[in-house]
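These are my notebook entries on a structure that I looked up part by part. I record what I checked and what I found.

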Amino acid sequence: MRRPKNLGKDHLGALMLLALGAAVFALGLGYRMGTLNRMGAGFIPVVLGVLMMLVGVALGVTAAPPGQEKIAHPLPGDGTHKGPEWRGWLCIIGGVVAFVVLGEHGGLLPATFASVFISAMGDRNNTVKGAAVLGAILTLFCLIVFHYGLTLQLPLFQWH
Amino acid sequence: MHQTLMDLWYGFGVALQPGNLMWSVFGVLIGNLIGVLPGMGALTTISMLLPLTYVIAPVPAILMLAGIFYGSQYGGAIGAILLNLPSHPPHAVTCLDGYPMTKAGRGGAALGITMMASFFAASVGIIVMIFLSPLLVEIAFKFGPTEICSIMLLGLLAGATMSRGSPLKGVAMTIFGLLCGVVGTDVISGTMRYTFDFPDLADGVELGALCMGLFGIADFLVSVNRTTVKPSDAKVSMKDMRPTRAEMKQAFWPMVRGTMVGTLFGAMPGTGPTITTFIAYALERKIAKDPTRFGKGAIEGVAAPEASAHSKTQVDFIPTLSLGIPGDAVMALILGALIIKGIQPGPQLITEHPDIFWGLVASFWIGNVLLVIMNVPMIGVWVRMLQVPYKYLYPAALFFICVGVYSTKNSLFDVGEVAVFGIIGAIFLMLDFPVSPIVLGFVLGPMLEENFRRAMLLSRGDLMVFLQRPISAWFIGACSLLILAQLVAYVRKLRLPAVREPAELVAE
């Protein structure tokens with residue numbers, strides 16, 4: 001991941017926690033707070049928001065300098081591949097979104113084919129033909145197993 | 001004692017009913033099958049099959065989930081040994097000696113030892129579970145909202161700080177999970193919280209969607225075009241799986257010690273399986289006569305961690321079922337499934353739902369026997385499964401995730417939630433935050449809030465009640481110890497930068 005030179009992973013994480021905590025806190029104030037005796041809906045979220053910000057501060061203070069962080073949970077791969085993987089990311093998220101959109105405005109079969117095809121195109125080793133064949137196989141599988149076998153509620157085709 | 005045996009007998013009756021047995025076998029088989037696939041751990045497998053549990057009765061549903069759990073755990077070891085591919089973090093240690101054994105042509109024996117170690121460890125774990133659970137239940141009956149709150153706090157804190165990596169990040173993720181649990185209608189006042197005007201969020205975030213986003217989609221996002229599956233030249237046939245007499249002798253005590261480590265850690269809420277296997281491995285290396293053999297195919301390095309993982313798996317069910325406090329993310333998922341089925345885990349579970357508790361205990365044994373029987377003839381199939389290229393694997397898995405989440409409530413909105421949690425999870429992973437504490441927080445969150453508010457109502461808003469009631473005070477004391485230990489560890493690290501974590505020692 002590319003990042004500003006003087007910000008390490010931990011600093012970015014701390015900033016993220018601060019922002020998240022602040023947002024939760026601000027929204028939480030909109031609900032009734034109540035007292036400790038009779039807590040309102042906003043009490044717990046506000047407390048959690050504050051805790052989140054505190055953890056963010058603690059993480060920012062103790063953060064290792066950039067490039068020297070200890071990675072406790074290494075990402076997959078051998079680390080040779082650096083930089084953003086836009087194609088993969090777009091295709092995978094696109095595949096899920098396609099399922100939602102086409103499920104609503106197309107039906108089960110188009111949604112199945114599109115989600116498999118689009119997400120498969122995210123892998124640089126997949127060809128258009130290979131992705132299409134995979135999509136077709138899974139569409140057939142979906143028809144037999146999910147539609148006829150498990151009688152999934154989503155109609156095979158639908159237009160709105 | 002006599003009563004326990006009678007209960008166990010009853011449990012076998014439940015577990016052997018054709019309907020229940022069928023789902024149990026199905027769970028073990030599917031769990032093993034998916035667990036073998038690269039990148040698919042127990043969490044992914046269980047969350048993918050979670051929707052199935054909505055349509056079947058509670059008893060078979062829970063038997064199936066448990067089957068998936070230990071099935072996938074065993075499946076993960078196959079990839080670790082034959083391909084040096086830890087599809088599930090706890091197996092990372094198994095790779096260290098398992099893969100060298102494969103290269104030396106003893107991969108089959110390593111698998112055979114794994115199988116024996118798992119079976120032995122699981123059996124010990126089950127026995128501990130049978131005798132410990134009723135004892136725990138007696139104590140747990142004394143619990144009111146105050147005690148439940150403090151023990152949940154302890155579980156969450158332990159889950160956040162005792163896994164690998166930065167404890168602060170673990171705590172942050174637990175809080176994030178608790179916040180996800182807050183989303184939806186507040187049960188007491190009826191206020192809609194953090195729903196952003198989506199009516200679909202009124203019932204809260206969908207457990208399946210959250211898990212599949214965090215463990216499925218997020219994983220695809222960070223793995224795509226980065227993972228290369230090496231073709232394995234490992235050829236394992238049935239007769240290779242029998243270890244030699246010398247190997248059995250060598251592996252016996254490590255297996256027993258690994259089981260003990262796993263049992264001990266399983267009883268502690270919040271300690272993840274990964275840390276358990278690392279400790280079991282480190283222990284073996286420490287007491288070995290010739291530590292240099294480790295990392296080059298020492299059979300002890302396979303037997304001990306695998307045994308510890310399996311005994312921990314079984315023992316983990318004790319706090320989950322008897323107290324309602326899950327030990328790790330997988331247990332949190334199983335707990336979540338129970339709650340969805342309308343069964344409240346806790347001390348009353350064993351008396352109110354003896355069919356679930358004793359049926360589960362009996363099905364563990366049946367399932368573990370099945371694993372042994374199944375894996376010997378199926379090993380050839382598993383080896384071939386390992387070769388499925390990632391480029392076909394993840395699009396297919398993505399589709400199953402979409403259909404699975406949709407089928408839970410027939411809601412496409414929930415499928416959208418998967419995409420959102422996928423992105424969130426990928427960001428967390430890239431910043432080196434652990435994602436599994438989120439599930440723990442999410443499942444426990446609503447229970448924690450409800451009990452906290454009840455406890456405060458009863459004590460008229462006096463926070464000191466947590467220290468005044470003795471049982472609760474013990475838990476709060478344990479929490480303070482945990483925090484203190486982390487602070488001490490941090491200060492020591494500042495002073496002595498040379499102190500290394502056990503994980504690093506192992507990785508050398």
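Predicted model: local features only at pLDDT ≥ 70, side-chain atom pairs only at ≥ 80, totals over all residues.

**Entry 1: the interface.** I began with the contacts between the chains and found that 63 residues of chain A are in contact with 57 residues of chain B. I then asked which helices of chain A each supply at least two residues of the side that touches chain B. They are H1 (9-28), H2 (43-62), H3 (86-104), H4 (108-120) and H5 (128-149). H3(A) gives the largest share of this side, eleven residues. Sorted by class, the side of chain A that touches chain B holds 37 nonpolar, 18 polar and eight charged residues.

**Entry 2: Asp414(B).** I located Asp414(B) in helix H18 of chain B, which spans residues 412-430. Is Asp414(B) buried or exposed? I counted 24 other C-beta atoms within 10 Å of Asp414(B), and a residue is buried at 20 or more, so Asp414(B) is buried. Leaving aside neighbours within four places in sequence, I noted that Asp414(B) is in contact with Glu206(B), Ala209(B), Val405(B), Tyr406(B), Thr408(B) and Lys409(B). I also looked up Met255(B), which is 159 residues from Asp414(B) along the chain; their C-alpha atoms are separated by 44 Å.

**Entry 3: a loop of chain B.** I turned to the loop between strand S2 (192-193) and helix H9 (207-223) of chain B, where Phe196(B) is found. Asp197(B) lies in the loop between S2 and H9 as well. Most residues other than glycine have a negative phi. Phi of Phe196(B), however, is near 50 degrees, and phi of Asp197(B) is near 65 degrees. Phe196(B) counts as exposed because it has 8 C-beta neighbours inside 10 Å, and the limit for exposed is 12 or fewer. Asp197(B) has 6 such neighbours and therefore counts as exposed.

How values were computed: Residues numbered from 1 in each chain as written. Chains lettered and ligands numbered in written order. Contact = placed C-beta atoms within 7 Å. Helix = DSSP H or I, 4+ residues; strand = E, 2+ residues; numbered from the N terminus. Nonpolar A, V, L, I, M, F, W, Y, C, P; charged D, E, K, R; others polar.
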